[in-house]
Every structure is written in structure tokens, then in C-alpha cells.
Protein chains: 2
Amino acid sequence: MSTAPRPGTGRVVALCGGVGAARFLRGLVRVVAPEDVIAVVNTGDDREFYGVHVSPDLDIVTYTLAGVVDTAQGYGLAGDTYALMNELEALGHETWFRLGDRDLAQCLHRTLRMRDGVGLAAITQELAERHGLAVSLLPMSEQPCPTRVVLKDGRLLHFEEYMIRERAPDAVERVDLSAAANAKPSPGVLEAIRTARVILFCPSNPVVSIGPILAVEGIRDAVAASAAPKLAVSPIVGGAAIKGPASQLLRGIGVEVSALGVARHYRELIDGFVFDERDHELAKSIADLSLRVRVTDTMMVDANASARLAAQVLELAGECA
Amino acid sequence: MSTAPRPGTGRVVALCGGVGAARFLRGLVRVVAPEDVIAVVNTGDDREFYGVHVSPDLDIVTYTLAGVVDTAQGYGLAGDTYALMNELEALGHETWFRLGDRDLAQCLHRTLRMRDGVGLAAITQELAERHGLAVSLLPMSEQPCPTRVVLKDGRLLHFEEYMIRERAPDAVERVDLSAAANAKPSPGVLEAIRTARVILFCPSNPVVSIGPILAVEGIRDAVAASAAPKLAVSPIVGGAAIKGPASQLLRGIGVEVSALGVARHYRELIDGFVFDERDHELAKSIADLSLRVRVTDTMMVDANASARLAAQVLELAGECA
């Protein structure tokens with residue numbers, strides 16, 4: 001059923017955040033050979049918790065593709081236990097960012113490897129292979145690039161503090177991607193983009209998932225310079241984020257919370273835009289942005305739905321080529 | 001039933017290793033008010049495993065006194081799980097030193113507190129209090145003092161490598177306590193010894209449990225200078241260690257593996273020696289070392305047995321005063 005656009009030397013490069021991207025990739029690897037996919041993943045959410053390096057989006061993508069994710073949560077490992085976390089809590093630690101025992105082991109492994117001097121990209125690929133994945137997973141950068149959210153009251157929060165500890169309050173003044181802007185891409189990222197035969201913006205948060213990736217030194221320019229078809233899938237359906245705090249954050253950077261708002265946000269970088277049939281009335285406005293559009297069911301309720309969506313995206317890519 | 005020797009300003013100071021000491025302390029706190037006991041605990045076995053600071057003897061003593069130790073093993077927490085450890089193993093880590101999830105949480109807590117600049121003594125006391133203990137627990141030193149075992153083939157092993165990974169081979173050339181010898185005692189240790197009303201050498205390994213404590217700068221001299229009754233309980237019964245590798249290690253430093261050998265090893269520092277009735281034929285030889293002796297059942301099969309032994313020790317201390 002593969003509908004890969006024009007044969008090329010490069011691979012399908014997907015810019016990824018967490019849950020939405022992971023679910024999309026789960027379908028993409030059913031319609032493209034997994035070894036033909038390079039996922040460039042946001043690390044702006046990374047942070048040390050409990051002495052271990054947590055990479056939420058990398059882990060969500062890895063666990064989802066490996067079929068071991070806790071599907072109810074969208075993150076973490078299915079059937080994980082919380083013995084260590086509960087004990088830390090009993091010892092008086094703040095535990096608003098909860099990590100299961102096995103999830104924590106993955107993060108501890110990452111931490112110990114980093115301390116041994118191994119880069120995050122190599123560690124990520126090792127972990128992906130241990131999980132049996134053939135997809136290439138690349139962190140956007142190996143340097144710390146914490147995304148920060150500035151609230152209207154002036155507080156500057158790490159994204160996870162904003163999202164998890166504070167439960168994504170509305171009062172967002174702006175999103176600070178300066179750390180990403182001062183970071184270099186991981187080895188292989190720019191090369192992957194330059195040689196890509198398709199570049200996909202996964203249905204992830206444009207501000208705090210795709211935004212940090214594009215902010216990393218050279219990535220936005222490399223995407224802009226690529227002659228490959230470039231397509232985005234809207235993470236906004238019916239005027240709201242499917243999951244997560246997109247609304248507050250989009251408004252925080254002056255973007256309308258709609259598929260049209262997202263299309264406008266990406267328009268200079270993309271050729272095609274795929275959005276949900278619930279938003280079909282926006283088709284003309286989006287097409288008027290000089291974008292090829294595809295209106296379809298974008299709700300990835302299961303792997304088959306993900307695969308159908310991925311096939312549609314690739315079909316549209318073929319039209320953009 | 002308390003038979004505490006002459007009232008004094010100081011407290012009962014117990015020099016402690018792991019399991020034997022913990023079981024003895026469990027009895028001691030039944031015959032002396034717990035807040036009247038200061039345990040000075042060996043940290044020569046401490047090591048970082050999996051990125052966390054493990055203090056085996058401190059934890060054995062804490063868990064045993066709190067009644068939460070895994071009694072079958074003598075260490076670790078009863079009912080602990082091993083999800084994190086098993087996952088680390090699956091990720092390719094050496095896991096010969098196994099830590100349960102909750103046990104690991106304690107060690108991680110210690111590590112995070114140390115990283116915050118808190119000393120090991122304060123952290124140990126915090127953990128003891130969280131476990132509801134009234135005893136004062138003092139690590140012998142806050143500095144790293146790894147005990148090393150030199151094998152006849154020239155290999156130099158950390159004590160835990162010798163003990164756990166290599167399963168205590170016989171071919172011991174010598175025990176290297178140079179790290180302890182270059183370390184300073186924890187705050188409060190020398191003061192506790194100087195003002196002690198009794199000093200007890202718990203039934204712990206004389207070489208690798210009590211040896212490191214005495215090796216720390218100033219501790220041996222402080223013990224020697226103390227006018228308080230000083231008593232040791234033999235960890236050797238019937239010519240063998242009750243638990244652990246005492247035989248190999250005692251031979252490795254030229255000490256006969258018997259209650260008599262241990263009494264000779266300690267004789268310059270102690271006034272009295274308590275040993276097992278199975279070794280009653282050694283009573284005259286030990287008494288001939290100018291030691292007051294008490295022959296009794298030293299097998300601490302339960303807390304009552306521990307309390308009976310502790311009472312005997314304190315009674316003998318009264319005679320030494």
C-alpha cells in the first residue's frame with residue numbers, strides 16, 4: 001500500500017514531538033519501510049528529575065513504536081510499577097513528575113551512558129534498537145535546550161513545570177526557545193533534512209514540540225532550503241488540541257487555535273497541509289495560503305487509523321513533488 | 001532489665017558493621033534506652049552502583065532497627081521489588097549488586113542530598129529518623145573510604161567486588177584500609193568515643209567492618225584513650241564466621257579464625273570479651289590475655305536472643321568499670 005512519492009536518495013524525515021507524533025509514526029512505518037524513516041525528535045522537554053535524564057518525547061516515540069507504551073496515558077511503559085517513586089515521595093521528594101520503575105531504569109541507563117561520555121544521539125539509537133525499532137531516532141540536539149514558558153505574572157517555568165506541575169495554566173505570555181536557538185543539531189540531523197525525500201511535520205504542538213526543533217541552529221534553514229515535498233499534519237481538530245496545552249501556547253505566541261492558524265504558522269516552510277474533516281470549512285482558506293490540502297479523518301484511534309492518515313499524507317506529498 | 005554500667009555523662013558507643021552489628025543493636029536498644037546509643041558504622045563498603053551512593057552497613061543497621069529489613073537476606077527491605085534492577089539488566093548493565101526498588105530509592109535520596117551539599121552524617125540521621133529510630137547513627141567518615149582486598153594474584157578489588165561479585169575467594173593477600181586511614185571521622189564520632197560510658201565492638205567482621213572504623217584518623221587513638229569499659233563480642237563461633245567472609249579475611253591478615261584469634265586481635269583495645277558457649281574451651285586462653293570474659297549463647301536467632309546477649313555484654317561492662 002506504499003504510496004511513497006518520487007524515489008529519492010534520502011529518507012522520510014519526520015519532525016516529532018510526543019504523543020501525536022508517536023501515533024503518526026506508528027502508522028508511517030506501516031506504509032514506508034521503517035528503516036526509511038528518520039524521526040527528528042524534540043528534546044526541549046528534557047529535564048533531570050531524581051538525578052536521571054528524562055527525555056519525554058524520545059521515550060514516548062520509542063515506547064509507542066515498540067508497542068510497549070502505556071496507551072491510557074500515552075507515555076510511560078505499560079504495566080510499569082511505581083515502587084521507587086512512592087518511596088521517594090515518602091522520603092519527602094516532590095514527585096509531580098512520576099516515572100515508573102522500568103521507565104526510570106531507561107532514564108538511569110541514559111544518564112549513566114551520558115556520564116560515560118556517550119552522546120544522546122547514540123544512546124537514543126541504542127535504546128531504539130534494544131526496543132527492536134528499525135526507524136532512526138534522532139534527538140534534535142545533544143545539548144540541553146529546555147523550553148521555558150513565561151507566564152503573564154512573570155514567572156519563567158521549565159516546560160514540564162508548566163505542563164505537569166502547574167497543569168498548563170492559560171496565562172501564557174510567551175514561550176522561550178532561546179536554549180534551543182543556542183544549541184547545535186545532533187550529528188546527522190542537518191544531513192537527514194538536506195537529503196530527505198519528504199519532510200513531515202507530525203501532528204505535534206507547533207509551539208513547544210515542532211517549535212524547538214525548528215529553533216535549533218540551522219534546522220529551520222535546512223528545512224526551508226530543501227526541495228523535497230514538505231507537509232504538515234494539523235494537531236488542531238475542531239478548534240482544539242487533541243491532547244495537551246496547544247491552545248494556551250498557540251495563543252501565547254499569537255497564533256489562532258485552528259487548523260488555519262497552524263497552516264498560517266507553517267506556511268513559509270510547507271507545501272502541503274493535512275487536516276481533519278471536522279474542519280472542512282477551512283479548506284478554501286488554507287488552500288488560499290498556496291498550500292495543497294488534504295481533508296481527512298486525522299483521529300488516530302488505532303494503528304490502522306494512523307496508517308491510513310500516513311498514507312494520505314504521503315499521497316499528498318506525491319502531488320507536491 | 002537494664003544493667004547499664006556506672007552512670008556516666010556519655011552514651012553507649014557501638015562500633016558496627018552490617019548484619020551482626022544490626023542484630024546486636026536490635027537487642028541493645030531493648031536493654032538501654034535507644035536515645036542512649038550511638039552506633040558508629042563502617043562505610044568502607046560504600047560504593048556507587050547505578051549512579052547512586054550505596055552504604056550497605058548503614059542501611060542494614062537502619063532497616064534492621066526499623067524492623068523493615070529482609071530478614072532472609074539480612075539486608076535490603078522486606079517485600080521489595082526489583083523492577084528497576086531487572087530493567088537495567090535487560091539494558092545490558094552488570095547487576096551483580098542487586099538493589100530493590102525501594103532500597104534504591106533510599107540510596108537515590110542519599111545521593112541527591114549529597115549532591116545538594118548535605119553531609120553523609122546528617123543524611124544518615126535524617127533517614128534513621130524517618131524510619132522512626134531514636135538511636136544516633138553515625139557513619140565512621142563522610143569521606144570516601146573504600147576497603148580494598150588484594151588477592152594473591154595481585155588483583156585489587158573493592159570490598160563489594162570481592163564479596164559479592166567474586167563471592168569471597170580464599171586467596172586473600174591482604175586488606176587495604178589506606179582510604180579509611182586517610183579519611184577524617186564524621187562530625188561527632190571522636191566526641192562520642194571520648195565521652196562514651198561504654199564502648200562496644202559489635203559481633204562484626206574485625207577486618208573489614210571494625211577494621212576500617214579503627215583505621216579512620218584518630219578513632220583508634222580515641223578508643224585506646226577512653227577510660228570507659230570496652231568490650232568486644234566475637235563474630236566467630238565454633239571456628240567459623242556466623243555470616244560472611246571473616247575466615248578468608250582474617251587469615252589474610254594473619255589472624256587465627258577463632259574467638260581466641262579475635263580476642264588477641266582486639267586485646268590492646270578492650271577490657272572484656274564475650275564469646276559463644278560453643279567455644280567454652282577457649283575461656284582460659286582468652287582470660288589469660290588479661291580480658292574479662294563472658295561465655296554465653298551469642299547466636300542472635302531473634303530479637304529476644306539479641307537482647308539477652310546485649311544484657312550479658314552490659315553486665316560484663318559493669319564488671320569492667
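Trainee: Let me begin with a backbone angle: which residue follows H3(B), and what is its phi?

Mentor: The residue after H3(B) is B:Gly92, with a positive phi near 95°. Before we go on, note that this is a predicted model, where local features need pLDDT of at least 70, side-chain atom pairs count only at pLDDT 80 or more, and totals for chains, interfaces and linings use all residues. Residues are numbered from 1 along each chain as its sequence is written, while chains are lettered from A and ligands numbered from 1 in the order in which they are written.

Trainee: Which residues of H3(B) are buried?

Mentor: A residue is buried if 20 or more other C-beta atoms, placed from the backbone, lie within 10 Å of its own, exposed if 12 or fewer, and partly exposed in between. In H3(B), the buried ones are B:Ala83, B:Leu84, B:Met85, B:Glu87 and B:Leu88. Helices here are DSSP runs of H or I with at least four residues, strands are runs of E with at least two, and both are numbered from the N terminus.

Trainee: What do those buried residues pack against?

Mentor: Contact is read from C-beta atoms placed from the backbone, lying within 7 Å. By that test, the buried residues of H3(B) pack against H4 of chain B, and also against helix H3 (83-90) and helix H4 (101-115) of chain A.

Trainee: How many residues does each chain bring to the contact?

Mentor: In general, the size of an interface is often given as the accessible area lost when the parts come together. Counted in residues, the contact here takes 18 from chain B and 18 from chain A. On the chain B side, helix H3 (83-90) and helix H4 (101-115) each supply at least two residues, and H4(B) gives the most, with nine. That side divides into nine nonpolar (Ala, Val, Leu, Ile, Met, Phe, Trp, Tyr, Cys and Pro), four charged (Asp, Glu, Lys and Arg) and five polar residues (the others, Gly among them).

Trainee: Now the sheet in chain B: what is its strand order?

Mentor: Two strands pair if DSSP finds at least two bridges between them. The open sheet of three strands runs S7-S6-S8 in chain B, with antiparallel pairing. Strands S7 (156-158) and S8 (172-176) of chain B each have a single partner strand, so one side of each is left without a neighbour in the sheet.

Trainee: Which residue is the bridge partner of B:Val149 in S7(B)?

Mentor: That is B:Leu157; three bridges join S6 (residues 148-151) of chain B to S7(B).

Note on methods. Contact = placed C-beta atoms within 7 Å.
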